Amino acid sequence: MSETSKPPGSPSDPAAPDAILREQAQHWVARLAGGDVDEAQLSTLEAWLASDQRHALAFARERALWQDLRAAFDRPTSSHDLPSGADTFPLRRRLAWFVPAAMAASLAFFLAAPSVMLDLRSDHRSAIGEVRSIALPDGTTAMLDSGAALSVDFDDKQRIVHLLAGRAWFDVRHEGRPFLVEAERGMTRDIGTSFEVDRKEGSVEIGVTQGTVQVRSPDGTQGPPLHAGERMRYSASELSALPAVPTSQLAPWRRGEILLDRQPIRAAIAELARYRSASVWAVGDFSKEAPISGMFLIERPEEALQTLVRMRQLRVIRLPGGHMIIRPATKS
């Protein structure tokens, strides 16, 4: 690890004050969240966590900030949030309590902002690990996979659903107004069907379980009609067909199943991790690992990840709070 990338303070100092430990833990959480770690740095993190119980506790506290900030942001301010006897505090003592709290709140808002903004924009959301069925105002059924969010924009002329995060399956109730699903500035138009829209990092995938849809990419390119079992992907600059599959393999999460079909390891880890509240980081070069196939249960993501790790003899670092780092079987 270079001098510029070392955590603040001395990790090996048994007398390091809490402030230094907190800075070290914040450093590691930020590096992991940004994916900015290599093999040597992961080994350093392992050694740091194992060297002192205080390190693991500091890491757990800082990691919890990243997860609990939305609750902290949403909580209304009241007199119960102040220390007992706050009204009698001298000004200096009040400031001594308030300034760190204000700094923590500012950090909380910064980290929680994406989730908070998603809450503000969405009409319906599903929790991590939850598959949720909702009835839209027109009678259409929408099923939301883990961590999905959508907003509804219906008027007298058309029905538009904006998929803001995750993936959803729609069983459309047909009427005079067209039904459209917008995601990443592209549009999927129902022509009498049920279909899945999956918003990924930088692209969107559509699969038809029944009927027909028409897909238009963000640049205005319109693809051929998609029928049952057919799939398509679009990004900001591309629209392409994907291999057709049996309709039973489309959106298996509706049935509580995770279906992996010759899936690259990194993608398989991400698919299983989406149903787990604690984070899973896949770090390293998995290109030499054979793809994986199998069927797992959404309600058992821990068991699914453990099975995947055993199948490919991957290496796991278990962090405080249930978080995990998964590395290839061979050093990358």
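View 1. Valine 213 stands opposite leucine 226, a residue of β12. β11 (212–216) and β12 (226–227) pair in the antiparallel sense over two bridges. Strands here are DSSP runs of E with at least two residues, helices are runs of H or I with at least four residues, and both are numbered from the N terminus; two strands pair if DSSP finds at least two bridges between them. The model is predicted: local features need pLDDT of at least 70, side-chain atom pairs count only at pLDDT 80 or more, and totals for chains, interfaces and linings use all residues. Residues are numbered from 1 along each chain as its sequence is written, and side-chain values use heavy atoms, with hydrogens and water left out.

**View 2. The open sheet of seven strands.** The strand order in this sheet is β1-β4-β5-β7-β8-β11-β12, and the pairing is mixed. At its edges lie β1 (124–125) and β12, each of which pairs on one side only.

**View 3. Aspartate 219 in the loop between β11 and β12.** Aspartate 219 belongs to the loop that runs between these two strands. Its side chain makes a polar contact of 2.5 Å with the side chain of serine 217, and another of 2.9 Å joins the side chains of aspartate 219 and threonine 221. A polar contact is a pair of N or O atoms within 3.5 Å; within protein, one must be able to donate a hydrogen and the other to accept it, and residues adjacent in sequence count only if both atoms are side-chain atoms.

View 4. Leaving aside residues up to four places away in sequence, aspartate 219 touches Ala236 and Ser237, where contact means heavy atoms within 4.5 Å. The C-alpha atoms of aspartate 219 and alanine 236 are separated by 6.7 Å, although the two residues are 17 residues apart along the chain. With a relative accessible area of 47%, aspartate 219 is partly exposed, because that class lies between buried (under 20%) and exposed (over 50%), using a 1.4 Å probe and protein chains only.

**View 5. Leucine 297 in strand β17.** Leucine 297 has its place in strand β17 (residues 292–297). This leucine 297 is partly exposed, its relative accessible area being 32%.

**View 6. The whole protein.** The protein has six helices and 19 strands. Of its 332 residues, 42% are buried. Among contacts with a separation of 6 or more, 47% are between residues 24 or more positions apart.
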